Amino acid sequence: MRRRKTNYPVFVTLLFIILMIAFFRSGSPQNDLKNMSEKTRTNFLMNTMVQIRVYSEEPDRHIDRSFELVRNIEEKMSRTQTGSDIYRINENSSGNDYITISSDTFRVLERAVYFAELTGGKFDPTVGPLVELWGIGTAGARVPTEEEIEKALSLVDYRKLVLNPEDNSAKLLQEGMKLDLGAIAKGYAADEVGKLLKEEGIESAYINLGGNVLLVGGKPDGSPWKIGVQDPRLNRGNVMASIELIDKTIVTSGNYERYFEEDGVIYHHILDPDSGYPANSNVISVSIICDSSLDADALSTSIFILGLEKGLELINQLEGFEAIFITDNLGVVLTEGLKGKVTLLNNDFYFLGSD
Ligand code: ADP
Ligand code: MG
């Protein structure tokens, strides 16, 4: 009896502690979830609409830092911003001085040269003079003369870009040459934002830089993101197919993005460095799905120029890359790994070559 009496308060205290632990244990995930929220913000950066959606306890803080990072990359890689790495290299195109640049820009230039070699020069980071001549997407857009095109083409050659990895410096060997990273820098920025968010512990985010989509994880509940594929005949936001993805990037290049029309002809912004004219292959849109948005960006532009047959050949020889091609007669061609995973949402489109 005596013993029981003395132990009673100890027993009650222990029971209380156990109950409290049980309460907080079961309560804490709910509390965490209550503090989590999804936030989306859109800004105009890198000459396009950049949308970032983050699911976290402090989405604003992560979104702020993500936009700061994109702005920072734009300041380094823009062709037009005075003082950017690319601007400074272009200003010194007489070939005398090596220009020291940031390690980010250097890495992107190295990858750009890799893709130029891989695509036999269809992708070319020295396409700047041609981009400026056509001015597509600017108020001065016009069809140039043959002579002007010839002159600009004589300045487009990635083999005359010299990179020195010892001190991250670069130079162009011919006066008037100009770098343009418009087809690859957005992919790099998407990768970097994804990396930052993952480092900050984010498990669910959606990043879209003007058609370069990068997904961190799945949706907040862990299910796949349903990503729409743009209808290449219509304005942005009109989708013709969908695909479910987790932790991947999907990048689309199409002729609907930036163009002008003259005498019934559409002149768009992806230029063929062999002809000097907007690429005129049998595909009107190419989406690349893989892990690196930079690679997907470079490849979607390249394959848009290469067309269906050469594009398929190229993508099939690379490991870890899938593609959705839309041909000029609205046929949809998928690489092996995507078969059965793309849903068509518009009856004008049909699967080509599927068994
Ligand atoms: P978007 O910028 O609409 O996402 P792309 O990634 O396909 O489309 O890039 C197109 C941009 O790339 C053009 O606006 C131009 O700055 C640049 N560019 C055009 N033609 C080429 C080319 N053959 N190789 C490399 N860059 C190119
Ligand atoms: Mg691209």
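Predicted model: local features only at pLDDT ≥ 70, side-chain atom pairs only at ≥ 80, totals over all residues.
Trainee: How many salt bridges does a search of the whole structure find?
Mentor: The search finds 22 salt bridges.

Trainee: Why is the contact of K39 and D60 called a salt bridge?
Mentor: The cut-off is 4 Å from a Lys or Arg side-chain nitrogen to an Asp or Glu carboxyl oxygen. For K39 and D60 the N to O distance is 2.8 Å.

Trainee: What makes K39 and D60 a link between distant parts of the chain?
Mentor: K39 is in strand β1, residues 37-45, and D60 is in helix α2, residues 59-77. They are 21 residues apart.

Trainee: Why is K39 called partly exposed?
Mentor: Buried means under 20% relative accessible area, and exposed means over 50%. K39 has 34%, so it falls in between. D60, with 32%, is partly exposed too.

Trainee: Which residues are joined with K39 and D60 into one network?
Mentor: R41 and D64. Salt bridges that share partners join them.

Trainee: Are D104 and K76 buried or exposed?
Mentor: Both are buried. Their closest N and O atoms are 3.1 Å apart, and they form a salt bridge. D104 lies in helix α4, K76 in helix α2.

Trainee: What makes R233 and D348 a salt bridge?
Mentor: Their closest N and O atoms are 2.9 Å apart. That is within 4 Å, so the pair qualifies. R233 lies in the loop between β8 and β9, D348 in the loop between β16 and β17, so the pair ties together parts 115 residues apart in sequence.

Notes
Residues numbered from 1 in each chain as written. Chains lettered and ligands numbered in written order. Heavy atoms only, no water. Helix = DSSP H or I, 4+ residues; strand = E, 2+ residues; numbered from the N terminus. Buried < 20%, exposed > 50% of the residue type's maximum accessible area, 1.4 Å probe, protein only.
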